[in-house]
Amino acid sequence: MSSTVQWPALIVFILLFALVTVMGFYAARWHRPTTTAHLDEWGLGGRGFGTWITWFLVGGDFYTAYTIIAVPALVYAVGAYGFFALPYTIIVYPIVFVLMPRLWIVARDHGYVTAADVVHGRYQSRPLELAIAITGVVATMPYIALQLVGMQVVIQAMGLHGETPLVLAFLVLALYTYASGLRAPALIAFVKDALIYVVVLTAVAIIPMRLGGYGAVFHAAGVAFAAKGGATGLTLKPAQMLPYASLALGSALAAFMYPHTLTGIFASKSADTIRKNAILLPAYTILLGLIALLGYMAYAAGIHVASSTQVVPALFLAIFPSWFTGFAFAAIAIGALVPAAVMSIGAANLFTRNFWKAYVNPTVTPAGEAKVAKIVSLVVKVGALLFIIFLPTQYAIDLQLLGGLWILQTLPSLVFGLFTNWFRAPALLLGWLVGIGGGSWLVFTGGLKPVHTIMIGGAGYSVYIGLLALAANIIVAVVVNAFFAKKSN
Amino acid sequence: MWVLLLLPFIGLLWLPCYNFLTPTLFGFPFFYCYQLAWVPITSLLLWLVYRRTPR
């Protein structure tokens with residue numbers, strides 16, 4: 001990576017960063033609420049976001065900065081297998097279309113702010129509520145930390161070293177999230193998404209043109225994988241097909257169980273807003289597919305990097321003039337701010353509603369809730385910052401993998417109640433416990449890999465552990481519930 | 001109508017039906033253009049179901 005400071009890039013970067021900082025603080029006055037001293041206002045932007053704001057917010061929140069760094073990095077490292085993000089972010093939308101409008105209606109009718117609120121309202125079980133809330137917070141923390149990794153990668157690529165720039169950027173983020181709540185990332189998401197679209201469309205048009213077209217790009221990558229050998233290539237090895245499909249399905253089922261994505265859903269104006277967004281949000285998936293191809297373009301451009309996460313910054317530095325590189329890096333860094341803000345808000349909402357209100361101060365007023373949530377959002381962000389500064393990045397990546405598995409285990413409790421009255425809290429809690437415990441055990445004993453190979457009739461089938469854990473979770477819940485139902489008859 | 005929403009799952013999770021290099025389109029091997037094509041198709045299917053959803 002470059003060791004000298006890239007001044008034109010840095011100046012463009014700082015200007016854009018300053019712009020979104022002003023916007024972040026201004027956001028408190030945007031769609032001016034009667035009061036921000038209410039959790040619905042601070043934590044859900046007043047539940048009034050229409051189709052376009054929701055499109056920008058959820059798009060900015062779901063397709064994170066880390067995605068822009070990590071997906072091309074994985075594609076660069078292994079080829080076709082890294083593309084599972086594409087089917088994942090397509091099949092997620094039929095799931096959103098079917099489930100999320102129903103969930104939104106329940107949340108609106110009862111004034112729920114979090115997934116754990118919904119579960120408590122449905123089953124009247126404090127232990128189950130707490131299980132869902134803790135899972136949400138714990139799964140989100142490493143995710144916030146990874147956004148910082150995305151930011152760190154581009155800051156370093158501009159020739160800045162040390163932790164100070166990252167700490168400064170995060171401090172600014174923490175302050176305007178504190179002041180403006182969900183309105184800040186919603187407003188900044190417009191800038192973030194506009195920048196990302198400009199950068200990606202420019203990159204996927206200009207870079208292949210310089211390198212001799214897409215045919216040449218794929219050819220160069222194919223040659224590189226042939227030389228590299230192993231489980232790499234432009235198509236999947238037969239043994240990779242099941243892992244690919246199960247990772248796509250498991251990730252799609254988990255995606256909207258996270259506090260940050262649910263916050264985006266609950267903040268929208270109507271169930272219809274969510275349905276329209278399920279139709280319109282796939283536009284970002286096209287973008288993601290093109291971003292993933294940056295991993296192949298790096299081969300055609302002859303880029304060699306020590307760590308695959310540097311592949312996107314290195315490619316931009318090699319191809320574009322310094323000022324445009326600064327523009328692109330600002331897009332990525334601002335792309336980290338939006339999800340990091342929404343994630344900390346989602347986690348803060350969970351703490352406030354399902355721990356503080358449930359156990360510490362049951363008579364807390366809505367204004368008191370907003371106050372607690374604001375402080376917790378600061379604590380959560382400082383925690384993520386310390387994590388990245390003091391612990392190896394690999395921990396955050398491993399924990400993020402586990403986080404996806406954990407959050408997937410909240411699906412039965414959150415979703416089944418929308419369709420049936422049959423389940424009872426103890427059965428769902430036991431299923432959750434088995435899913436989390438069994439899944440984590442498989443991940444740890446398997447060397448922190450996302451897939452596990454099960455032997456059926458002498459043949460091995462590798463499946464995403466999150467899906468195996470979900471299957472165990474559901475089976476336990478059904479069996480235990482059937483047992484209880486029989487006993488009570 | 002809701003059955004239409006199952007099509008993306010079948011089309012994208014059944015890998016043997018698209019894990020090929022050829023034919024290529026604009027230089028993109030089949031594996032890539034097939035999956036990218038499912039993005040607008042899924043939007044279209046969702047829109048068709050949306051039109052029939054009572055609101």
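## Chain B: fold and overall form

The secondary structure of chain B consists of two helices and zero strands, in what is a predicted model. Taken along the principal axes, the C-alpha atoms of this chain fill a box of roughly 45 × 20 × 10 Å. Its radius of gyration is 14 Å, whereas a compact globule of 55 residues would have a value near 10 Å.

Burial and contacts within the chain can be read alongside these dimensions. Of the 55 residues of chain B, 25% count as buried. When the contacts in chain B between residues at least 6 apart in sequence are considered, 50% of them join residues at least 24 apart.

## Where chain B meets chain A

The contact between the two chains draws 26 residues from chain B and 30 residues from chain A. On the side of chain B that touches chain A, the elements that give two or more residues are helix H1 (7-13) and helix H2 (30-52) of chain B. Of the elements on that side, H2(B) gives the most, contributing ten residues.

By class, the residues on the side of chain B that touches chain A divide into 19 nonpolar, six polar and one charged.

## Helix H7 of chain A

Helix H7 of chain A runs over residues 126-157 and has 32 residues. From its first C-alpha to its last it reaches 47 Å, which is close to the 46 Å expected at 1.5 Å a residue. H7(A) is mostly covered, with 26 of its 32 residues buried; for this count, a residue is buried if 20 or more other C-beta atoms lie within 10 Å of its own.

H7(A) is followed by Gly159(A), a residue whose phi is positive, near 95°.

## The pairing of H1 and H9 in chain A

Elsewhere in chain A, helix H1 (residues 7-26) and helix H9 (residues 183-211) have axes that come within 8 Å and cross at roughly 145°. The crossing of H1(A) and H9(A) is right-handed.

Which residues of H1(A) and H9(A) meet? From H1(A) they are Leu19(A), Val20(A), Met23(A) and Gly24(A), and these meet Ala184(A), Leu187(A), Ile188(A) and Val191(A) in H9(A). By class, the contact of H1(A) with H9(A) comprises seven nonpolar residues, one polar residue and no charged residues; Gly is counted among the polar residues in this scheme.

Notes: Residues are numbered from 1 along each chain as its sequence is written. Chains are lettered from A and ligands numbered from 1 in the order in which they are written. This is a predicted model: local features need pLDDT of at least 70, side-chain atom pairs count only at pLDDT 80 or more; totals for chains, interfaces and linings use all residues. Two residues are in contact if their C-beta atoms, placed from the backbone, lie within 7 Å. Helices (H or I, at least four residues) and strands (E, at least two) are DSSP runs, numbered from the N terminus. The expected span of a helix is 1.5 Å times one less than its number of residues. A residue is buried if 20 or more other C-beta atoms lie within 10 Å of its own, exposed if 12 or fewer, and partly exposed in between; C-beta atoms are placed from the backbone. The radius of gyration is taken over C-alpha atoms; the globule rule is 2.2 Å times the number of residues to the power 0.38. Axes are lines fitted to C-alpha atoms, for helices over the stretch in contact, and angles run from 0 to 180 degrees between N-to-C directions. A crossing is left-handed if the near helix is turned anticlockwise from the far one by less than a right angle, and right-handed if clockwise.
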